[in-house]
Amino acid sequence: MPTLLIRMAAPLQAWGVDSKFETRRTGREPSKSGIVGFLAAAMGYRRNEDDKIAELSRLNIGIRVDKEGQLLRDYHTICDPKCPRVTKYVTNRYYLSDAIFLVGVESDDGELIERLANALEHPAFPLFLGRRSCPPTLPICLRTRETCLKDSLEAEPWLLPEWRKNKESSAQYRFVMDANEPGGKTAVVQDLPLSFNPEHRKFGYRLVREYGKTNTESAEEKPQAFHDAFAELG
């Protein structure tokens, strides 16, 4: 089945799953609801078009973490402008800073994969990585591979720039994949979008499996830059 590979990277990302009230948390990697919303925005789907959202929710999705983000807390004090005399209250909003993810989208409908790839190149609505304050950096749409999701994610080269690869000490990828059946190291998460309609947002449960794999590209010995400050004096 064809797999569409998407790069999700930005100075800030936020993938909320269980955020409530004054505390807005973020997951360690993109949620399925966030990815589906990202694709829906590119396709020009409206929030109340449940049938179209359901089609995207059926996609098989996997994530390869190329760079774990640093957790950042944004401190806010908020006051209702309609009630200026009301005491201000504190909110905490969390983000992932400087994270890089490779997202794979797999479907047996090759025509849908082609439409998604074209939409990401020419999005109908602005694209954001979880929140409107988190626009993605380019490139977004990488390529389509004619291999399964797992093989496509494992075969794609590391997404870090060359100058940063030499500084990264980690030689492990972390993968988070849709799981078709329970067992092993699976977990249940509630981030399967059923409806984005603001009047009755609904999210179902799905199974995910996480595993690690050696990043042979980072494990290989790389030449290190060396600067001799006294070379010109000779």
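Select glycine 62 first. Leaving aside neighbours within four places in sequence, glycine 62 is in contact with Leu102, Val103, Gly104, Leu149, Leu153, Val176 and Met177. Glycine 62 sits in strand E3. Its relative accessibility is 0%, so glycine 62 counts as buried. Now pick the C-alpha atoms of glycine 62 and valine 103. They are separated by 5.9 Å, although the two residues are 41 apart along the chain.

**Step back to the whole chain**

This is a predicted model. Colour by confidence before going further. The protein averages a pLDDT of 87, and 86% of the residues score at least 70. Confidence is highest in H1, at 98. The lowest value belongs to helix H6 (residues 216–219), with a mean of 64. Next select residues 221–227. Here pLDDT stays under 50, and the model has five contacts beyond four places in sequence for this stretch. Where pLDDT is low, the predicted coordinates should not be read in detail.

Switch to a cartoon. The protein has six helices and nine strands. It has 234 residues, of which 40% count as buried. Among contacts with a separation of 6 or more, 75% join residues 24 or more positions apart.

**The largest nonpolar core**

Which residues have the most contacts inside the largest nonpolar core? Select Leu4, Ile6, Met8, Leu39, Val105, Leu116 and Leu120. The core as a whole has 39 residues. Six elements each supply at least two of its residues: strand E1 (3–13), helix H1 (32–43), helix H2 (50–57), strand E3 (60–67), strand E5 (89–106) and helix H3 (110–121). H1 gives the largest share, eight residues. In soluble globular proteins, nonpolar side chains tend to be buried together.

Zoom in on leucine 39. Beyond four places in sequence, leucine 39 is in contact with Ile6, Leu56, Leu59, Val105, Leu116 and Leu120. Then select Ala9, Leu149, Leu153 and Phe175. These are among the twelve residues of a second, separate core.

**Threonine 3**

Move to threonine 3, in strand E1. Is threonine 3 buried or exposed? It is buried, because its relative accessible area is 0% and the cut-off for buried is under 20%. The side chain of threonine 3 reaches the backbone oxygen of threonine 147 at 2.8 Å. The side chain also reaches the backbone nitrogen of leucine 149, at 3.4 Å. Now display the surroundings. Not counting residues up to four places away in sequence, threonine 3 touches Gly104, Val105, Glu106, Arg143, Thr144, Arg145, Thr147, Cys148, Leu149 and Ser152.

**Along strand E5**

Select asparagine 92, in E5. Its relative accessible area is 17%, so asparagine 92 is buried. Beyond four places in sequence, asparagine 92 touches Glu22, Thr23, Arg24, Arg73, Asp74 and Tyr75.

Now select aspartate 98, which is also found in E5. Check its backbone torsions. Aspartate 98 has a positive phi of about 65°, although it is not a glycine. How accessible is aspartate 98? At 33% relative accessibility, aspartate 98 counts as partly exposed.

**A cis peptide bond**

Select leucine 138 and proline 139. The peptide bond from leucine 138 to proline 139 is cis, with omega near 0°. Proline 139 lies in the loop between H3 and strand E6 (141–145).

**The largest pocket**

Which residues lie nearest the centre of the largest pocket? Select Arg47, Gly130, Arg131, Phe196 and Arg201. The lining has 37 residues in total. The volume of this pocket is about 1400 Å³. H1, E5 and strand E8 (186–195) each supply at least two lining residues. H1 gives the largest share, six residues.

Notes: Residues numbered from 1 in each chain as written. Predicted model: local features only at pLDDT ≥ 70, side-chain atom pairs only at ≥ 80, totals over all residues. Heavy atoms only, no water. Core = buried A, V, L, I, M, F, W, Y, C linked by side-chain atoms within 4.5 Å. Buried < 20%, exposed > 50% of the residue type's maximum accessible area, 1.4 Å probe, protein only. Helix = DSSP H or I, 4+ residues; strand = E, 2+ residues; numbered from the N terminus. Contact = heavy atoms within 4.5 Å. Polar contact = N/O pair within 3.5 Å; in protein donor to acceptor, adjacent residues only side chain to side chain. pLDDT = per-residue confidence, 0-100. 1 Å grid on protein atoms, 1.4 Å probe; cavity = no way out; pocket = protein on both sides within 12 Å on 5 of 7 lines; lining within 4 Å. Points joined across faces, edges and corners; volume = space filled by probe spheres on them.
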